[in-house]
Amino acid sequence: MDFKDLLIKQGLDLEKVMVLRHRPTEPRIRRVLPWLAAEKPEVFNAYQQAQNPDAERALMKADIVAAFIAQEGEKALFVGLYRLGKWRPVTDEEFWAIPAVAELKPFNLRGVEGRETCLWFELELTHIYREWKGRLVVKWPVGRLWWRWAKSNSFPIHAIHEESLLDAEMPPWDRLSLTWEELRVLPTKWKAALRQWRGIYYIFDIKLAKGYVGSACGGENILGRWLNYAASGHGGNKKLKDREPNDFLFTILQRTSPDMERDEVGQLEATWKDRLHTRDFGLNDN
């Protein structure tokens, strides 16, 4: 079966359906785009509401946008079908003033990029095949072009998964490394795991090449502590307040028993500060 068969079944005009396979050139956006589609659909939509000049000209002829995210090889993961409304030119200043776009700025999203204006397209998510979001995988046509017209291309269905691939499985705790921006868009499964874990974490400032050791054993354990950093940038820590949180990497040094007493966790934290010398040569002030 082909994805086009599904569109025809819904009575859509294939000549008016533009199919997009998003594969951001910015590495930071590429990593979190599936998370945004799952957790912040309005921000994902903002990513696709402005296009390069070639795609702009094509998009003005469409009625429907079928949005996919690139997977390995030539596969594409379905996100949704969007109905195209009006469009308007926006300047670089107007572009960044859009709230959902502003959320993408820390991930190094490019702006209008030298043009006086770009077009901003109104795209409204429909309910058509919404139950297959993150589950339907198609094979993308051969070639480098990332947007295609449904009428003149083939999109064979590769798989329909039982669970969404947007909310990916979390890597092992000792291989986890997150940027500050990523803390704010964590997948639900990852939040659930971090909520259960208490232990010792490490924040590394890549510009300063110094680290900070902290512990988490509160109500929401590591998740609660890291969300505090996501909100404030510094978590109330003196030596982190003058630093740029975009330069922080968050990792876990050690997990502890879920019933370890707070004092014991604090003692363990102190041993890590000693071993990593973060008091004398790092960002810990106690």
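A residue is taken as buried when its relative accessible area is under 20% and as exposed when that area is over 50%, with partly exposed in between (1.4 Å probe, protein chains only). The model is predicted, so that local features need pLDDT of at least 70 and side-chain atom pairs count only at pLDDT 80 or more, while totals for chains, interfaces and linings use all residues. Residues are numbered from 1 along each chain as its sequence is written, and side-chain values use heavy atoms, with hydrogens and water left out.

Arg-198 lies in the loop between α8 (188-196) and β9, where helices (H or I, at least four residues) and strands (E, at least two) are DSSP runs numbered from the N terminus. Arg-198 is buried but has no salt bridge, the nearest side chain of opposite charge being that of Glu-261, 7.0 Å away; a salt bridge requires a side-chain nitrogen of Lys or Arg within 4 Å of a carboxyl oxygen of Asp or Glu, and for charge Lys and Arg count as positive, Asp and Glu as negative, with His and the chain ends not counted. The side chain of Arg-198 instead reaches the backbone oxygen of Cys-217 at 3.2 Å.

Val-265, Leu-268, Glu-269, Trp-272 and Lys-273 of α10 are buried. Viewed down the axis of α10, the buried residues fall within an arc of 150° (directions from the axis to the C-beta atoms), so they line one face of the helix. The face turned away from this buried side carries the exposed residues Asp-263 and Gln-267.

Key. A polar contact is a pair of N or O atoms within 3.5 Å; within protein, one must be able to donate a hydrogen and the other to accept it, and residues adjacent in sequence count only if both atoms are side-chain atoms.
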